[in-house]
Amino acid sequence: EEVPETMRATAIFGKLKEQVQVWMRQMDGIVFVGAVGIAVRSIAPFIENKAKDPAVIVLDEEGMFCIPILAGHLGGANALALWIADAVGAVPVITTATDRKKRFAVDLFAKENDLEISDLKLAKEISALLAGKKIPICCEKELPEILPEGLYCCEDFAEEPARPGIYIGIKRCGEKGVLSLIPKAVTVGIGCRRGTD
């Protein structure tokens, strides 16, 4: 009962091979207690992509190490591993480069701010480039005065030659080499008659 509703787990007993396929489609996070190799071989056939995969964590049997092995940022595996490690007194083993080097990660920023990423490949490229290159960022709304290291404010990408860049707004930026981060600000609903499939 002390565990927040969003962090509650369900224990399922059965054949691992049969369960993992279901878990990979239905669960937000999976925690394996045991060897990393078993977890990797179990999930490998069902891995889809960064945007869809659930967080997958491995905790060794002694509870000494907590390792996120899939969906570190978008799936929330790094955050879940830190939470579990704190709860059980384990050492979190975070290997994501941006986390290790304490650099801005586009995918994590998008997740934290509920933004849709227009191009995951470009997002990854930008995160890697931030190690030594300045990246322009433009936003429909006002940007904070202090931006993460490696980013600088840009007013209009049509007049900004530097690429790649980041644009935050409702509409996608049409400029080549500019990643759009789109706020989920529109809700669409549909009504049906009762009993309609």
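Predicted model: local features only at pLDDT ≥ 70, side-chain atom pairs only at ≥ 80, totals over all residues.

Residues are numbered from 1 along each chain as its sequence is written, and side-chain values use heavy atoms, with hydrogens and water left out.

Let me begin with the chain, which has 6 helices and 9 strands; helices (H or I, at least four residues) and strands (E, at least two) are DSSP runs, numbered from the N terminus. Its C-alpha trace spans about 60 × 55 × 35 Å along the principal axes. Of its 197 residues, 35% count as buried, where buried means under 20% relative accessible area, exposed means over 50%, and partly exposed lies in between, using a 1.4 Å probe and protein chains only.

Which residues touch the most other members of the largest nonpolar core? They are V106, I126, L151, I166, L179 and L181, in a core of 17 residues. A nonpolar core here is a set of buried Ala, Val, Leu, Ile, Met, Phe, Trp, Tyr and Cys residues joined through side-chain atoms within 4.5 Å. Helix 6 gives the most to this core, with 3 residues. Taking I166 as an example, and leaving aside neighbours within four places in sequence, its contacts (heavy atoms within 4.5 Å) include F104, V106, I126, L151, L179 and L181. In soluble globular proteins, nonpolar side chains tend to be buried together.

Now please look at D107, which sits in helix 5, residues 106-112. D107 is buried, with a relative accessible area of 9%. Apart from neighbours within four places in sequence, D107 is in contact with K50, H73, L74 and I117.

Lastly, the pairing of strands, for which DSSP must find at least two bridges between the two. Strand 2 (residues 55-59) and strand 3 (residues 65-70) pair in the antiparallel sense over 4 bridges, and V58 has I67 in strand 3 as its bridge partner. These two strands form a hairpin with 5 residues between them, and in the turn G63 has a positive phi of about 70 degrees. Strand 3 also pairs with strand 4 (residues 91-92), here in the parallel sense over 2 bridges, with V91 in strand 4 as the bridge partner of F65.
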